[in-house]
Every structure is written in structure tokens, then in C-alpha cells.
Amino acid sequence: MSTWTALAAGGAEAVRTGAWESGATVAGAVVVVLMVAATVSLLRSPALDPVLRLLWLLVILAFPVAGAGLWFALGRRAPRPQDPHPA
């Protein structure tokens, strides 16, 4: 049997492809979970200006890994509006 026939029949190459696809599926699932977690965290932040919230959402959706990482590193620490009339 030639090499071409073995590969076409799903020989050793099929095993490597399957493992690669499993790794890509896990990585994709991690990205989706990270993006969903960042979006939920963003939408549950009470004191965030709506325009700023929309900008953060666009960053998270446009750059899932970097946007979510930036949100968790910087966005959640955004300064809260202070009461203009302290007691």
C-alpha cells in the first residue's frame, strides 16, 4: 500500500488531525467562556456609564481574548462616581 493510499484511508494522519481538532475545540471553548464571563461581568457592573459600557462591550466582542483580559485587568477597577454631597 502506498503512502498516499494510507493517508487517504485515514492512516496515521487521521490520529494527528483528531488530536489537533480536540485541542482547537478546547481552546475555542475557553475563548467563548472567557468572553461570556467578561460580558456578564461588564453588564452587571452597576456604576458604569452606558457609553463606556458599550465601548467595553465592543472591545470584548472585537478582541475576545485581549478585550476580556483588559476588562478583568483594568475595566473592573474603573473609578466609581463620587457623591457630590458627602455626608
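Author: Helices here are DSSP runs of at least four residues, numbered from the N terminus. The model is predicted.

Reader: Which helix does Ser41 lie in?

Author: Ser41 belongs to helix 2.

Reader: Is Ser41 buried or exposed?

Author: Look at the cut-off. Buried means under 20% relative accessible area. Ser41 has 17%, so Ser41 is buried.

Reader: Which residues does Ser41 touch, leaving out those up to four places away in sequence?

Author: Trp71, Phe72 and Arg76. Take Arg76. Ser41 and Arg76 are 35 residues apart along the chain, yet 8.3 Å separates their C-alpha atoms.

Reader: Now the core. Which residues make up the largest nonpolar core?

Author: There are seven: Ala38, Leu42, Leu48, Trp56, Ile60, Ala68 and Trp71. Three helices each give at least two residues to this core: helix 2 (12–44), helix 3 (50–62) and helix 4 (64–73).

Reader: Which residues of helix 4 are buried?

Author: Gly67, Ala68 and Trp71. Their arc around the axis is only 95°, so they sit on the same side of helix 4.

Reader: What about Leu70? Is Leu70 buried or partly exposed?

Author: Buried ends at 20%, exposed starts over 50%, and partly exposed lies in between. Leu70 lies in helix 4. Its relative accessible area is 39%, so Leu70 is partly exposed.

Reader: Which residues does Leu70 touch, again leaving out those up to four places away in sequence?

Author: Trp56 and Gly75. Leu70 and Ile60 are ten residues apart along the chain, and their C-alpha atoms are 8.5 Å apart.

How values were computed. Residues numbered from 1 in each chain as written. Predicted model: local features only at pLDDT ≥ 70, side-chain atom pairs only at ≥ 80, totals over all residues. Heavy atoms only, no water. Core = buried A, V, L, I, M, F, W, Y, C linked by side-chain atoms within 4.5 Å. Buried < 20%, exposed > 50% of the residue type's maximum accessible area, 1.4 Å probe, protein only. Contact = heavy atoms within 4.5 Å. Arc of directions from axis to C-beta.
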